[in-house]
Amino acid sequence: MSNGTATADLDAQLEKYRVELTGYCYRMLGSSFEAEDAVQDTLVRAWRSHDKFEGRSSLRSWLYRIATNVCLDMLSAGSKRARPMDLTESTPLARAALAPRPDNTWLEPMPDGRVLPTVEDPAEAAVAKESVRLAFMAALQQLPAKQRAVLILREVLAWKASEVAELLGTTVASVNSALQRARATLAEREDTGARAEVSDPLDEEQQRLLERYVKAFEGYDMTALTALLHEDAVMTMPPFDLWLTGSADITGFMTTLGAACAGSRLLPVRANGLPGFAQYKPDPEKGGFTPWAVQVLEISDGRILGFHCFLDTQRWFPLFGLPLRLEGEADQGEQGV
């Protein structure tokens, strides 16, 4: 086999694991872009040191070992990604103020297609989706880095304790202890978002809810929107640390500080195993519509529970494969991820 053929063959072997490794690194790091950087670093390290790979474990296990070390190095500073509700108390509308925090504060959204590999088993697919939901991702960020790795490998990826022990260079007893502590930490967290339930594919009731939501939001009909929200629904808007609770404050915000969003257009996306939309608001200067937010919705019992708007459009829209402009009405249509 020529060197060129061998190189191409190795590249193809490594590339097969990109999506699942990105999912793993994303769960570890809570950042879309850091996860993609970590995977690129993992694949480069694997490519460079492949001649030393002796085949004592599978190629997949070896790649996960490299990826784990890359993530642990990146997490050594102890930074924890968060949502606004993890950092501050809910603010009443009367005191709402938009105070941004640095990008590295926030748990970031991720397109499903970049982190959820295609699998045959519906139960396995459901676990994968549950484990990238915003509420679960936020809970993971509260765990020490090694506990985080153990929980993901054992509970999400279904590795055996002995396999995790080998990967981390520790004992089965140590792995089991870390898993027990991680489970206890997660069990202590009460989180509205943990109630979110989404069928895959969406059931008829959920599909109708989303259709009503699009109609209400694009029509900026606050009465209709209120009817779709749970009483304890929350709204977040990273990079701002403000978050609002309850339909009255959410719709009140949308008609005051958020009034410029009237007349917006929504394109469907899938993010974090949840339904979402790319929001474009009217551009009064150039006409058409300009990107404003990637919205990720948590729904439960036929109503919207969480309404999370990620506003850094120069980063999110390219990541989701979305255009940076809509020209009038004609360009509406579903965008794939």
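What follows goes from the overall build to some local details.

First, some ground rules: this is a predicted model, where local features need pLDDT of at least 70, side-chain atom pairs count only at pLDDT 80 or more, and totals for chains, interfaces and linings use all residues. Residues are numbered from 1 along each chain as its sequence is written, and side-chain values use heavy atoms, leaving out hydrogens and water.

You'll find 15 helices and six strands in the chain; these are DSSP runs, with helices (H or I) of at least four residues and strands (E) of at least two, numbered from the N terminus. Along the principal axes, the C-alpha atoms fill a box of roughly 65 × 50 × 40 Å. Buried residues are 48% of the 337 in the chain. Here buried means under 20% relative accessible area, exposed means over 50%, and partly exposed is in between, using a 1.4 Å probe and protein chains only.

Now for the backbone. Most residues other than glycine have a negative phi, and most peptide bonds are trans. Going from proline 238 to proline 239, though, the peptide bond is cis, with omega near 20°. Proline 239 sits in the loop between β1 (229–237) and β2 (240–245).

Tyrosine 220 isn't a glycine, yet its phi is positive, near 50°. Look for tyrosine 220 in the loop between α12 (204–218) and α13 (222–228), where its relative accessible area of 16% makes it buried.

Aspartate 301 also has a positive phi, about 50°. This residue belongs to the loop between β5 (289–300) and β6 (303–310), and aspartate 301 is exposed, at 60% relative accessibility.
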